Amino acid sequence: MFFYQQQIQNKRKKRRFLMAFLLILGFIVWQKDWVVYLYQQAKGGLDVAFNTRPLKEVLQDKSVPDSLKKRILYIQEVRKYAIDSLNLQDNPNVYQTLYDQQGKPLVHLLTVAERYKMEARMFNFPIVGLFIGNFSYKGFFDSTAAVKEEKYWKSKGYDTEMGQAAAYSTLGWLPEPILSSMLYYSDGKLASLIIHEMTHGTIYVKNNHETSENLANFVGDYGAKRFLKYKHGSDSDIYKKYVQGRVFRDKFIRHLNRGTIKLDSLYRNFKPNYSSKYKDSLKYALIEKIERSKDSIYAQLPNLPKHQLNKNDLPNNAYFVSFKTYNSKKNEFEIMFRDKFKGDFEAFLQYMKSKYNE
């Protein structure tokens, strides 16, 4: 009797194992492209993980220029300020190592948008997407794979744009190194970037990439101004230069946000009988107008090189959608911070944590 029961149990185990194997095999066949993509991403992530150097080792390396060591120490100073004075998450995995990009981009970011809608093609990652939600872009370590993916979406009639990641982020789940390219940023830009990325590790807005990025942009800018004022003083050239740059940047953001709204209105008023050629003519005429009107903004900063418009290389919807993802709501957070929280950042941050963190 015992052996008979044992045989039945063994058969059940074999059936469960076979069923699990068939499910995994079925998933691989069904989601072959995603399996290949996730493999490439895992490979790229492991390359980063196994080719970083602890900061202590880098700082003791006599072959590393003192100028770069100062930038590493500066990042550590910004990080400490963000933790101690802004109450952002103290994650021991973040910015404790250095990854040398050897002058090459680490991650390529592909944005895909509808041709006649101000709408991004959202990417939902199988299994992983349950935890991180949807994204309005798709990242690639492999440039060849990125170009291949872009060609695919173009062949389907979508607008696309390829960009580069300024930082390497896993939302704090895995070690996030300082990228060598970051060491060449200006003080203000670097402080803003570090605080922006640390905000993602403190507050994550699932399935609303636009809100997540706009919030991190607001906190990054606010935190950078506070840090520069604390470190250099409000009368310092570094602080004044950053504030002046933000004034220009805010005008630029408002201009492109208005352009995005105009494009959205144009598309909504397209008639069903409009041909693609006619719609494209209206679309790019408006985009050219938006681009040409940047000149009045650029003229306010005489040190900038003159804006050159190339009609054969106008941006498309993917550019505007990408810009919108990072900048369309920042002003909303500024107004909320000023009016609802009366400039109390601690209360503002706590509210955002309670609202978005599960």
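Select strand S3 (residues 108–113) together with S6, and you will find three bridges joining the two, which run antiparallel; strands here are DSSP runs of E with at least two residues, helices are runs of H or I with at least four, both numbered from the N terminus, and two strands pair if DSSP finds at least two bridges between them. This is a predicted model, in which local features need pLDDT of at least 70 and side-chain atom pairs count only at pLDDT 80 or more, while totals for chains, interfaces and linings use all residues. Residues are numbered from 1 along each chain as its sequence is written, and side-chain values use heavy atoms, with hydrogens and water left out.

Next, pick Leu110, whose bridge partner in S6 is Lys138.

Move on to the largest nonpolar core, of 55 residues, and colour Tyr95 and Phe348, which have the most contacts inside it. Such a core is a set of buried Ala, Val, Leu, Ile, Met, Phe, Trp, Tyr and Cys residues joined through side-chain atoms within 4.5 Å, where buried means under 20% relative accessible area (1.4 Å probe, protein chains only). Helix H4 (residues 66–84) gives the most to this core, with eight residues.

Finally, select a second, separate core of 19 residues, which includes Ala113, Ala120, Phe252 and Phe270.

Conventions: Buried < 20%, exposed > 50% of the residue type's maximum accessible area, 1.4 Å probe, protein only.
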